[in-house]
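Trainee: Please give me a close look at a single part of this model, with what surrounds it, and state the cut-offs behind each term as you go.

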Amino acid sequence: MRIDGKQAAADLRKQLSMQVLQLQQEKNIVPGLTVILVGEDPASEVYVRNKVRQTRELGMHSQEIRLPVDIREEALLTRLEQLNQDKDVHGILVQLPLPAHINEAKVLAAINPEKDVDGFHALNSGRLLNGSGDALVPCTPQGCVILAKRHLGEDLSGKHAVVIGRSNIVGKPLAILLLQENCTVTIAHSRTENLAQICRQADILVAAVGRANFVKGDWIKPGATVIDVGINRIEDTEGKTRLVGDVDYQAAVEVAAAITPVPGGVGPMTIACLLKNTLVAARRYG
Ligand SMILES: Nc1nc(=O)c2c([nH]1)NC[C@@H]1CN(c3ccc(C(=O)N[C@@H](CCC(=O)O)C(=O)O)cc3)C=[N+]21
């Protein structure tokens, strides 16, 4: 069975649109998201355009700031400081990756944690780790949990979740979220020995490695739930580029009970969760 991420995202946006209206009526606050794009990357531009459109569809304010690829780090930090002070801006997202001459960690640390809708600031990672419930949680991991629950129901207790990938953006925060859901969590990565064997023990298998068709059909336990975080552009036999995940979908769909497709799986949920974080930030700190 296919887990429909597009539908799940549409369902979440519908809930959010009602909450946006409520916040406006009760407190006269309209959530505002600012996206900063440094340089011109075609894939980033499509993605940023989608975010801006969806933000407006929900009745939230949306602003896109484009900066030249050779901007100095100091200038970017100054721009961020202005946004940190701006009362109409509840969420700030700096599109990654940044050009090589800019220190990414320094930029992420400069975003006001209350406006950090990516959830990448150390204060938010720390809060997530502590389970204090007041973190802004990274969007893709949130989306993964929602999609797993769409198939398995609200209670993930006792399930063995295997997360392949240990990035600060997906693997690590997702492992923490799954632990909070009472899963038994294994984090696997490029140095893991007997990876196939470990994956075969997973009730929930999450692939976040960034390599096309990395996870094979026979790595999957029959009846497992598979969440594919990969977004890989490959050329097909006719030379056309095509989007595929980290999982060999055709093989996996035969074995798994449920699997998210690419496109139409985790990607749309990531954006929906970004909108959710913007609403949360506006409600909490606006
Ligand atoms: N600060 C920051 N935060 C991010 O969240 C962030 C980022 N930087 N840099 C780039 C990555 C990538 N990312 C995607 C989100 C949604 C889709 C998405 O919706 N994809 C569609 C397909 C879109 C297409 O066809 O290209 C899908 O999977 O169905 C893709 C990629 C967020 N990122």
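Mentor: Serine 167 is found in the loop between strand 4 and helix 7, where helices (H or I, at least four residues) and strands (E, at least two) are DSSP runs numbered from the N terminus. Before going further, note that this is a predicted model, in which local features need pLDDT of at least 70 and side-chain atom pairs count only at pLDDT 80 or more, while totals for chains, interfaces and linings use all residues. Residues are numbered from 1 along each chain as its sequence is written.

With 16 other C-beta atoms within 10 Å, serine 167 is partly exposed; on this scale a residue is buried if 20 or more other C-beta atoms lie within 10 Å of its own, exposed if 12 or fewer, and partly exposed in between, the C-beta atoms being placed from the backbone. Once residues up to four places away in sequence are set aside, serine 167 touches Lys172 and Ala208, a contact being two C-beta atoms, placed from the backbone, that lie within 7 Å.

Glycine 165 lies in that loop between strand 4 and helix 7 as well, but glycine 165 is buried, with 24 other C-beta atoms within 10 Å. Leaving out its neighbours within four places in sequence, glycine 165 is in contact with Val170, Gly171, His189, Ala208 and Val209.

Helix 7 (residues 171-180) lies across strand 4 (160-164), strand 5 and strand 6 (204-207), and runs at about 170 degrees to strand 5; the axes are lines fitted to C-alpha atoms, for helices over the stretch in contact, and angles run from 0 to 180 degrees between N-to-C directions. The open sheet is formed by five strands in the order 5-4-6-7-10, with parallel pairing, where two strands pair if DSSP finds at least two bridges between them. Its edges are strand 5 (184-188) and strand 10 (258-259), each of which pairs on one side only. Strand 7 (residues 225-228) and strand 10 run parallel and are joined by two bridges, and valine 226 has isoleucine 259 as its bridge partner in strand 10.

Between helix 7 and strand 5, the loop holds asparagine 182, which has a positive phi of about 65 degrees although it is not a glycine. Most residues other than glycine have a negative phi, and most peptide bonds are trans. Asparagine 182 counts as exposed, with 12 C-beta neighbours inside 10 Å.

Helix 6 (residues 139-152) also packs here: its buried residues lie against helix 1 (5-27), helix 7, strand 6, strand 7 and helix 10 (266-285). Ten of its 14 residues are buried, so helix 6 is largely enclosed by the rest of the structure; among the buried ones are Cys139, Gly143 and Leu147. At 1.5 Å a residue, the 14 residues of helix 6 should span 20 Å, and its end C-alpha atoms are 20 Å apart, which agrees; the expected span is 1.5 Å times one less than the number of residues. After helix 6 comes glycine 153, which has a positive phi near 90 degrees.

A separate pairing involves strand 8 (residues 232-235) and strand 9 (residues 241-244), which are antiparallel over four bridges, with isoleucine 234 bridged to arginine 242 in strand 9. Five residues lie between the strands of this hairpin, in which glycine 239 takes a positive phi near 85 degrees.
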